[in-house]
Amino acid sequence: MFADVDRDIVADLYLSRSGMEFLTQLVDGFGSRFGGSEEERRASEFIEEQFRQAGADRTYRESFTCPGWKRKSTALTVTAPVDRGMDCIALPYCPSGEVEAPLVYLGDGHPQTYEDRKEDMDGAIVMVTTATPSFYHRTMHRGEKLGRALEAGAVGFIWMRGEPGGLPETGSARFGRACEVPAISVSYETGHEMLRLGSEDELRVRIESSNEVYETTSYNVVAEIGGSEDSDEVIIVGGHYDGHDISQSAADNGAGVAVALEALRALAPHADSLDRTIRFVAFAQEEMGLMGSEYHAGQNEEESVAFMLNLDGAGRGDRCQLVLQGWPEAVRFFNDMTHEMYEADMSVGDSMSLYSDMYPFARRGIPAATLRSKRQGTSGAPRGWGHTYWDSLDKVNERFLQMDAARVARIVARLASMDELPLHQKTQKEMGETIRELGFDLVLRYEGRTVPGEENC
Ligand SMILES: [Zn+2]
């Protein structure tokens, strides 16, 4: 049924350089697109124009205000048993301040280690690595590791990269607000040097940081194609275009936006056959706390969103994964679809995450998934080069952009044309239960975020 459309999509995308050209212009023309910055605002205008030229029927930008952050200066000093300056960077939303305290190192931050070192953490600066805890059943995000340290009374936080390479790893300390204590990052090597200095005597460190938290305006970019009188349903394909101030943010997530743009370009000539409206959204302010997607989901609660597909980490490597966000009953449907599409290097599963732009939709009960490349370059770290200085364009492979754009376009063409989708909205109560079953209510509380069903409003 989709043979002709598939052939057009694949031929269009595999013979086109436009995805890589877009990504090159985005990265070289607009820098890191850090949330709330002038670069982010200018990039939003550029992306809207690109959406329009790719054949969107309608485009617009939606603005929202939120707390921004500006990096100024940060210093880390070992003060005992020796006096030595160390390389570091502040994590976004690190406040201005100065603290000096004993350093407590928790390794990969297994919850049992937090429990065992509870008393030591009170009044200390806590250092923990970015690594996923060994012997634990799930990953632990930076926000949870920080939140657990704060609960125990930590007065400062050091996020140590878990892999060698001399790179600190950035990422906002809190979701959309200033952190309570100075929070910084050091490389694997710097972390280990400090630990060696303190191997015999008590290790004391001082963090001095000066930064600015201010109110700023950011812009989501929206483009729509398709839709008919027979359906009022919308399918959202989104991905964040903002990046980290220290890098080009090419793979995370310039590549994801390039995939969305190219999928739009390939689908536009077939818009008449799309019964449901396809809405492409380039989200702002994801890295600072999912604020663009939260705004968009909150603004459009009345409309009927049949499905939300997020593209964060798409197009940056092979081993494509479509990860459902609390809809295990839909795994079979998508598995059958990828089989029918003859997509060999693609797997489907269900594993909910609180850390990208699908979450504000999923938590509202909208069927959601994220599509990403599982294998992403050669850094050896779980995030690849993401969140470091060297998430740069030179690591992006054009073929992977084309492959994921074709996948997304073909999936969306199917979802937009089927009579009935076996994807059902869930109630707040159901989502609250899913989140509690996964233990995410605890995680959200550590991170200072609201738990679905427990909002005051
Ligand atoms: Zn991302």
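The following legends describe close-up views of a predicted model.

**Figure 1. Overall architecture of the chain.** The chain of this predicted model contains 14 helices and 14 strands. Its C-alpha trace extends over about 70 × 45 × 40 Å along the principal axes. Of the 457 residues, 53% are buried. When contacts between residues at least 6 apart in sequence are considered, 82% of them join residues at least 24 apart.

Figure 2. Domain 1 is assigned to two segments, 3-67 and 215-446, and domain 2 to residues 70-211. Taken over C-alpha atoms, the centres of domain 1 and domain 2 are separated by 32 Å. Domain 1 contributes 20 residues to the contact, and domain 2 contributes 21 residues. On the side of domain 1 that touches domain 2, strand 1 (58-80) and helix 14 (440-446) each provide at least two residues. That side of domain 1 comprises 12 nonpolar, 6 polar and 2 charged residues.

**Figure 3. Strand 8 and its pairing partners.** Strand 8 covers residues 204-226 and is antiparallel to strand 1, to which 21 bridges join it. Within this pairing, Arg61 has Val221 of strand 8 as its bridge partner. Strand 8 also pairs with strand 10 (residues 277-283), again in the antiparallel sense, over 6 bridges. Here Val221 has Ala282 of strand 10 as its bridge partner.

**Figure 4. Strand 4 between strands 8 and 5.** Strand 4 spans residues 97-105 and is joined to strand 8 by 6 bridges in an antiparallel arrangement. In this pairing Gly97 stands opposite Ser209 of strand 8. Strand 4 also pairs with strand 5 (residues 125-129), in the parallel sense and over 3 bridges. Tyr105 stands opposite Met127 of strand 5.

**Figure 5. The nonpolar cores.** The largest nonpolar core consists of 96 residues, and those with the most contacts inside it are Val237, Ala263, Leu264, Val408 and Val412. Beyond its neighbours within four places in sequence, Val237 is in contact with Ala260, Ala263, Ile278, Phe280, Leu309, Leu311, Val408 and Val412. A second, separate core has 40 residues, among them Leu76, Leu91, Met121 and Val155.

**Figure 6. Two cis peptide bonds.** The peptide bond from Ala80 to Pro81 is cis, and its omega is near 10 degrees. Pro81 belongs to the loop between strand 1 and strand 2 (84-86). A cis peptide bond also runs from Asp252 to Asn253, with omega near 10 degrees. Asn253 is part of helix 8 (residues 250-267).

Figure 7. Arg319 is not a glycine, yet its phi is positive, at about 55 degrees. This residue is located in strand 12 (residues 318-324). Arg319 is classed as exposed because 12 other C-beta atoms lie within 10 Å, and a residue with 12 or fewer is exposed. Tyr342 likewise has a positive phi, near 60 degrees, in a residue other than glycine. Tyr342 is situated in the loop between helix 10 (331-340) and strand 13 (346-350). With 9 C-beta neighbours inside 10 Å, Tyr342 also counts as exposed.

Figure 8. Leu438 occupies the loop between helix 13 (428-437) and helix 14. Leu438 has 16 C-beta neighbours inside 10 Å and therefore counts as partly exposed, since the buried class requires 20 or more and the exposed class 12 or fewer. The C-alpha atom of Leu438 is separated by 8.6 Å from that of Met352, although the two residues are 86 apart along the chain.

Technical notes. Residues are numbered from 1 along each chain as its sequence is written. This is a predicted model: local features need pLDDT of at least 70, side-chain atom pairs count only at pLDDT 80 or more; totals for chains, interfaces and linings use all residues. Domain bounds come from an automatic or database domain assignment. Two residues are in contact if their C-beta atoms, placed from the backbone, lie within 7 Å. Helices (H or I, at least four residues) and strands (E, at least two) are DSSP runs, numbered from the N terminus. Ala, Val, Leu, Ile, Met, Phe, Trp, Tyr, Cys and Pro count as nonpolar, Asp, Glu, Lys and Arg as charged, and the others, Gly among them, as polar. Two strands pair if DSSP finds at least two bridges between them. A nonpolar core is a set of buried Ala, Val, Leu, Ile, Met, Phe, Trp, Tyr and Cys residues joined through C-beta atoms within 7 Å.
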